[in-house]
Amino acid sequence: MPSLGRLHLITDTRPGRDPLAVLRAALPVARAELVVQVRVADDATDREAYELARRVVEACRPYGARCLVNDRLHVALAVGAAGGHVGADDLPVAAARRVLGVDAVLGATAREPVTARAAVAAGAGYLGVGPCHATTTKPGLPAPIGPDGVRAVTGAVTVPVIAIGGVTAASVPALRAAGAYGVAVVGALSSAADPARATAELLGALTC
Ligand SMILES: Cc1ncc(COP(=O)(O)OP(=O)(O)O)c(N)n1
Ligand SMILES: Cc1ncsc1CCOP(=O)(O)O
Ligand SMILES: [Mg+2]
């Protein structure tokens, strides 16, 4: 199985956003380092999630980038995505692994070492860890854990840790120093004036 990409682009659920335009800008720059996580609003229909995910899988294919689907694992299976991501309100990790199968990429959300170890024991192949910094993209999150919180998790597991929440190119070096393998972003790419350039900046910070 190819190694996990280091830059995870999560599709922006906010009204008026154009996740496919952002993806088209990011793909030629990041290629196989890009993982695209299709995340739709809670009130989006399965058909809407399916159509977006189908188009993302198609766009990623020529670049060797992989598509994961957030929460809705039946959509991941239906579009032939590489896998999915689950958190505390979604299917338990072990159940998600059964749904997706042994070879799929499966990520789980964790904030601290105990839940991180449990998620890995249940079958997670990577962890999304955060929020690292304040974010306006997802309301209702607990306080940011910062690079120190990320370090606590990276010290407890051997799977790749993807830092999430308010991540910018400027914050990547401290997260990498804390042991993060990669980062997941919404706003840093979706709100960028020039998403291709923002992709290059994030990648530069991730790979230096
Ligand atoms: C890489 C990554 N990390 C964490 C999350 C958050 O997942 P979850 O806690 O299930 O919250 P929702 O994204 O479903 O609102 C993620 N999506 N990706
Ligand atoms: C889905 C999610 N889970 C934790 S933070 C977050 C949103 C991250 O968005 P941004 O990169 O804009 O802070
Ligand atoms: Mg979820």
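View A. One oxygen atom of ligand 2 sits 2.7 Å from a backbone N or O atom of Gly-166. Gly-187 also brings in a backbone N or O atom, 2.8 Å from an oxygen atom of ligand 2. With Thr-137 it's the side chain: an N or O atom there is 2.5 Å from a ligand oxygen. (A polar contact here is a pair of N or O atoms within 3.5 Å; within protein, one must be able to donate a hydrogen and the other to accept it, and residues adjacent in sequence count only if both atoms are side-chain atoms.) The residues around the ligand, each with a heavy atom within 4 Å of it, include Arg-39, Lys-138, Leu-141, Ile-164 and Val-185.

**About the model.** This is a predicted model, where local features need pLDDT of at least 70 and side-chain atom pairs pLDDT 80 or more, while totals for chains, interfaces and linings use all residues. Residues are numbered from 1 along each chain as written, chains are lettered from A and ligands numbered from 1 in written order, and side-chain values use heavy atoms, with hydrogens and water left out.

**View B. The magnesium ion (ligand 3).** Asp-71 and Asp-90 are the protein donors, each through OD, at 2.1 Å from the ion. The two sit 19 residues apart, Asp-71 in the loop between strand 3 (66-70) and helix 3 (73-79), Asp-90 in the loop between strand 4 (83-86) and helix 4 (93-100). (Donors are N, O and S atoms within 2.8 Å of the metal, or 3.2 Å for Na, K and Ca; water isn't among the atoms, so sites may look incomplete. Helices are DSSP runs of H or I with at least four residues, strands runs of E with at least two, numbered from the N terminus.) Asp-71 has 28% relative accessibility, so it counts as partly exposed; Asp-90, at 23%, counts as partly exposed too. (Partly exposed lies between buried, under 20%, and exposed, over 50%, with a 1.4 Å probe and protein chains only.)

**View C. The largest pocket.** Its volume is about 1,200 Å³, and 48 residues line it, with Arg-39, Thr-109, Lys-138, Leu-141 and Ile-164 nearest the centre. (On a 1 Å grid over the protein atoms alone, a pocket is an open set of points where a 1.4 Å probe fits, with protein on both sides within 12 Å along at least five of seven lines; lining residues have an atom within 4 Å of a point.)

**View D. The second largest pocket.** This one has a volume of about 210 Å³. Its lining includes Asp-12, Asp-18, Arg-39 and Glu-48. Helix 1 (19-30) and helix 2 (46-60) each give two or more residues to that lining.

Key: Points joined across faces, edges and corners; volume = space filled by probe spheres on them.
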